[in-house]
Amino acid sequence: MRGAKLDPDVRCYFAGINACRKGGRWEQALALLGEASDFDLEPDAISYNAGISACERGGQWQHALSLLAEMWGVRLEPDVISYSAGVSACEKGGQWQQALTLLAEMWDATLDQTSSATALE
């Protein structure tokens, strides 16, 4: 696209990341996620979820956890899909302690959202 002087947007990057996920190319998925940021595009939670899922499929639990942490750093709140892919990546990597930690984080985040919504009512 850049060769044709077209500027890809976040949706284009998501499509590429998702294609890499489906093709088992976690390295390229991570590269595209990083490239989007390099071009001042802000990947959304859906793009991060595709990246985490690509890492999960590739048995890269460390990278999946890094992406989850990165989401918080760019002010994106991981959702159930994010955590599920992270837990699955840890499970496939034999990291049951990390999987339990993610489940606890997800539970805490759900409780925080519930209490915030109740406080607004």
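Is Glu-70 buried, partly exposed or exposed? In this predicted model, Glu-70 belongs to helix α4 and is partly exposed, its relative accessible area being 37%. In sequence Glu-70 stands 22 residues from Tyr-48, and the C-alpha atoms of the two residues are 9.0 Å apart in space. Glu-70 also takes part in the contact between α3 and α4, as does Tyr-48.

The chain contains 6 helices and 0 strands, and its elements follow the order α-α-α-α-α-α along the sequence. Of its 121 residues, 35% count as buried. When contacts between residues at least 6 apart in sequence are considered, 55% of them join residues at least 24 apart.

The largest nonpolar core comprises 26 residues, and the members that touch the most other members are Tyr-48, Ile-52, Leu-65, Leu-67, Leu-68, Met-71 and Leu-102. At least two residues of this core come from each of α1 (10-22), α2 (26-38), α3 (45-57), α4 (61-73), α5 (80-92) and α6 (96-120). For Leu-65, the contacts beyond four places in sequence are with Cys-90, Gln-98 and Leu-102.

The axes of α2 and α3 come within 8 Å and cross at roughly 155 degrees. An angle over 145 degrees counts as roughly antiparallel, and α2 and α3 are therefore roughly antiparallel to each other. Their crossing is left-handed. On the α2 side the contact involves Trp-26, Ala-29, Leu-30 and Leu-33, which meet Ser-47, Tyr-48, Ala-54 and Cys-55 of α3. By class, this contact of α2 with α3 holds 7 nonpolar residues, 1 polar residue and no charged residues.

Helices α3 and α4 pack at an angle of about 165 degrees, and their axes lie 8 Å apart. This pair is therefore roughly antiparallel, and α3 passes α4 in a left-handed crossing. From α3, the residues Ala-45, Tyr-48, Asn-49, Gly-51, Ile-52 and Cys-55 meet His-63, Ala-64, Leu-67, Leu-68, Glu-70 and Met-71 of α4. The contact of α3 with α4 consists of 8 nonpolar, 3 polar and 1 charged residues.

For α3 and α5, the packing angle is about 15 degrees and the axes are 8 Å apart. That angle makes α3 roughly parallel to α5, since values under 35 degrees fall in this category. The crossing of α3 past α5 is left-handed. Asn-49, Ile-52, Ser-53 and Glu-56 form the α3 side of the contact, while α5 contributes Ile-81, Ser-82, Ala-85, Gly-86, Ser-88, Ala-89 and Lys-92. Sorted by class, the residues joining α3 with α5 are 4 nonpolar, 5 polar and 2 charged.

The loop between α4 and α5 includes Pro-78 and Arg-75. Pro-78 is buried, with a relative accessible area of 4%; the limit for this class is under 20%. Leaving aside residues up to four places away in sequence, Pro-78 touches Leu-68, Met-71, Trp-72 and Tyr-83. Pro-78 and Met-106 are 28 residues apart along the chain, and their C-alpha atoms are separated by 8.5 Å. Arg-75, by contrast, counts as exposed, at 78% relative accessibility.

Backbone geometry draws attention to Arg-75 and to Asp-40. Most residues other than glycine have a negative phi. Arg-75, although not a glycine, has a positive phi of about 65 degrees. Asp-40 is not a glycine either, and its phi is positive at about 60 degrees. The position of Asp-40 is in the loop between α2 and α3, where Asp-40 counts as exposed with a relative accessibility of 71%.

Key:
Residues are numbered from 1 along each chain as its sequence is written. This is a predicted model: local features need pLDDT of at least 70, side-chain atom pairs count only at pLDDT 80 or more; totals for chains, interfaces and linings use all residues. Side-chain values use heavy atoms; hydrogens and water are left out. A nonpolar core is a set of buried Ala, Val, Leu, Ile, Met, Phe, Trp, Tyr and Cys residues joined through side-chain atoms within 4.5 Å. Buried means under 20% relative accessible area, exposed over 50%, partly exposed in between (1.4 Å probe, protein chains only). Helices (H or I, at least four residues) and strands (E, at least two) are DSSP runs, numbered from the N terminus. Contact means heavy atoms within 4.5 Å. Axes are lines fitted to C-alpha atoms, for helices over the stretch in contact, and angles run from 0 to 180 degrees between N-to-C directions. Angles under 35 degrees count as roughly parallel, over 145 as roughly antiparallel, 65 to 115 as roughly perpendicular and the rest as oblique. A crossing is left-handed if the near helix is turned anticlockwise from the far one by less than a right angle, and right-handed if clockwise. Ala, Val, Leu, Ile, Met, Phe, Trp, Tyr, Cys and Pro count as nonpolar, Asp, Glu, Lys and Arg as charged, and the others, Gly among them, as polar.
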